[in-house]
Amino acid sequence: MPLLTSKRTRIGESISRYLQTRGSIFTLSTLFIGGLLVSSLFCISGSESSTLLLKIVVNELNLQKSRTFLQLLLSATTSFAWVFVLIYLCVNSRKGALMVFAIPVLYGLAIGSLITAVLVNYGYAALDYIAVCIFIPKFFETLLLLSICNKAARYCRTATGSGRRRREDELPLALYLILFAGCFLLEGGLLWLFRGMLYSSGFFLP
């Protein structure tokens, strides 16, 4: 019986550790998808605010046509700067573990607005542009975003004394910056090479 009890205890501890590590990823992913859906529904609501948002996004898309590769790269980088600012604030705040979970929601809102604006203004003919210039780079950026948010949440929990900090709980910011830089290069390169997909069928707005 003692051996059986000990085995059950170990299994329970393993499940608890799994939920602590994977549970955060599941929660962060759910929040991202929720933000994605909310912004998409808002953009097609037909309200004045949604119309203004669509105009802002479409204007940004129109500017892509005349930008150089470096300008596209800079745009991709600066559009993600708020994430790094929030991550920095989260890991240096007592309530950072809770603040971290707002980041995927905000990112989901931004991506949902972008995709919906393209579909509303350019129609299904822009699906190839969405697949190549939005889905591919944003897929990798989203994976990295969820990963760094998960790491930041674990870091905040251990920093506030709610858990024992281990080596894997440290936040490798330098590594993430390098990986994100690679994603920005990919996004800038794809936009520079394939942005014509959005305008080749006469959908460009003057």
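Biologist: How do you know how many helices and strands the protein chain has?

Modeller: From DSSP runs, numbered from the N terminus: a helix is H or I over at least four residues, a strand is E over at least two. By that rule the protein chain has eight helices and zero strands, and its elements run α-α-α-α-α-α-α-α from the N terminus on. This is a predicted model, where local features need pLDDT of at least 70, side-chain atom pairs count only at pLDDT 80 or more, and totals for chains, interfaces and linings use all residues. Residues are numbered from 1 along each chain as its sequence is written, and side-chain values use heavy atoms, with hydrogens and water left out.

Biologist: Why is Thr30 called partly exposed?

Modeller: Buried means under 20% relative accessible area and exposed means over 50%, with partly exposed in between (1.4 Å probe, protein chains only). Thr30 has 41% relative accessibility, so it counts as partly exposed. Thr30 sits in helix α1, and its C-alpha atom is 8.8 Å from that of Pro104, 74 residues apart along the chain. As for the protein chain, buried residues make up 35% of its 206 residues.

Biologist: What makes a set of residues a nonpolar core?

Modeller: The members must be buried Ala, Val, Leu, Ile, Met, Phe, Trp, Tyr or Cys, joined through side-chain atoms within 4.5 Å. The largest such core has 25 residues, and Phe80, Ile87 and Leu145 are among those with the most contacts inside it. Elements giving two or more residues to this core include α1 (2-43) and α8 (173-194), while α7 gives the most, with eight residues. A second, separate core of 20 residues includes Val57, Leu114, Val118 and Leu190.

Biologist: What is Phe80 in contact with, leaving aside its neighbours within four places in sequence?

Modeller: Contact means heavy atoms within 4.5 Å. On that basis Phe80 touches Tyr107, Glu141, Leu145, Phe180 and Phe184.

Biologist: Why are α2 and α6 called roughly perpendicular?

Modeller: Axes are lines fitted to C-alpha atoms, for helices over the stretch in contact, and angles run from 0 to 180 degrees between N-to-C directions. Those of α2 (residues 48-63) and α6 cross at roughly 85° and come within 9 Å. Under 35 degrees is roughly parallel, over 145 roughly antiparallel, 65 to 115 roughly perpendicular and the rest oblique, so α2 and α6 are roughly perpendicular to each other. Leu53 and Val57 of α2 are among the residues making the contact, as are Leu114 and Val118 of α6.
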